[in-house]
Amino acid sequence: MRTPIGVKGRNNPYDDDKVIDACSIFGMMDQQGRSMAGRDVVEAMTNMNERTNGLGSGYAVYGLYPKRRDQYVLHVMYDDRKALEWGSKFIDSEFKIVQDEEIPMDRSCCKADAPIMWRYFVDVDSERLNGTGEEDYVVQRVFSINTSEKGAYVVSSGKDMGVFKGVGWPQEIADTFHLDEYRGYLWTSHGRFPTNTPGWWGGAHPFSLLDTSIVHNGEISSYGTNRRFLEMLGYQCTFQTDTEIFSLALDYLMRRRKLPVEIIANIFAPPLWKDIDAMPPQQRNLLRSLRMVYGGLLMNGPFSIIFAKHGLMVGLTDRIKLRPLIAAKKKDVFFISSEESAIRCVQPDLDKVWHPRGGEPVVASCVNIHASTNPVLVMSS
């Protein structure tokens, strides 16, 4: 296993064997698809600084590159110039590079050694597919780079979206990447408090594959089982954190299996067996089938997550809600956060605030942007 960037001298600075705490998560979407600056998201994250320790933060932005919305955008993290040279040659050999450039960064804003960050706007040559779907082709190249042992890591690979993340406080990472200069209709964000894994640049959230991204507060004790299930399906786990599991599982369930959000929620956080047994026959049979077929993707442990893709933002907690999750609305803007105070610091006058139940997804969709997923399924009999 490669030694990731930022591990040496930037690991957890506390004396505890294990820090038990909670990360901060925040998301906001304009449901009309109107573009928003990132300053509110950064302010909300800064409001929750006590939920992080400066060892990781990041942002996912949708509607980020409207002038190049038809191209895949690879955000790649490189250990050094040698890795950059290798990665650029590899991507050039596998894609049509339309444009590439170093992602603008102010390195004086981050305390930890920052990697080289590069972005590539690419097309896929249909002659290379050989029967493989275009998205599968991109996913396979992402895994090829991330498992290369060359010091290169793809941190986002979707169209018209991007992930910016690293070691630092939320404000530091926002300043490092000049996020005040970017706009998008959907933002998700994360402040990290690493527990079992190191604070390193690639380990910061969000995690992303194609246009699906996720931020996570909690700890997944079923990591080994989940990882083995996904590896049998051809997925590669390379970022050394349990949250990566969620992003790969979402790609499998949403894109490949085309399952609706409510079904996915019942795979990640299913009801207890005693509750399933008390349900009407149709619902009971469905949930039993999900437990048998997708039991390897049941997520044990405390978690709250926000995942997103174009036109869709979803919040979900574990079934007994061991981590907080708040949802709110103000006109066309939908908020999901680990703290109500973070929402109110950017929008004090809310139309509606509610606390979703454990295992119950809260779903925000964009009326002007098609979400390439199935509609929410009504599971009641």
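Helix H2 (residues 81-94) lies across strands E4, E5, E6 and E7. Its direction runs at about 5° to E6. Helix H3 (residues 134-146) also packs on the sheet, touching E4 and E7. The direction of H3 makes about 140° with that of E7. The model is predicted.

**The sheet**
- Four strands form an open sheet in the order E5-E6-E4-E7.
- The pairing is antiparallel.
- Strand E5 (96-102) and E7 stand at the edges, each with a single partner strand, so one side of each has no neighbour in the sheet.
- From one strand to the next, the twist averages 30°.

**Pairing of E4**
- Strands of a sheet pair through backbone hydrogen bonds, either parallel or antiparallel.
- Seven bridges join E4 to strand E6 (residues 116-123), and the two run antiparallel.
- Four bridges join E4 to strand E7 (residues 152-156), again with antiparallel strands.
- His-75 has a bridge partner in each of these strands: Arg-119 in E6 and Ser-156 in E7.

**Burial of E4**
- Strand E4 spans residues 72-78, and seven of its seven residues are buried, so the strand is largely enclosed by the rest of the structure.
- In a regular strand the side chains alternate between the two faces of the sheet.
- Tyr-72, Leu-74, Val-76 and Tyr-78 point one way from E4.
- Val-73, His-75 and Met-77 point the other way.
- Residues of both sets are buried.

Technical notes:
Residues numbered from 1 in each chain as written. Predicted model: local features only at pLDDT ≥ 70, side-chain atom pairs only at ≥ 80, totals over all residues. Heavy atoms only, no water. Buried < 20%, exposed > 50% of the residue type's maximum accessible area, 1.4 Å probe, protein only. Pairing = 2+ DSSP bridges. Axes fitted to C-alpha atoms, helices over the stretch in contact; angles between N-to-C directions. Contact = heavy atoms within 4.5 Å.
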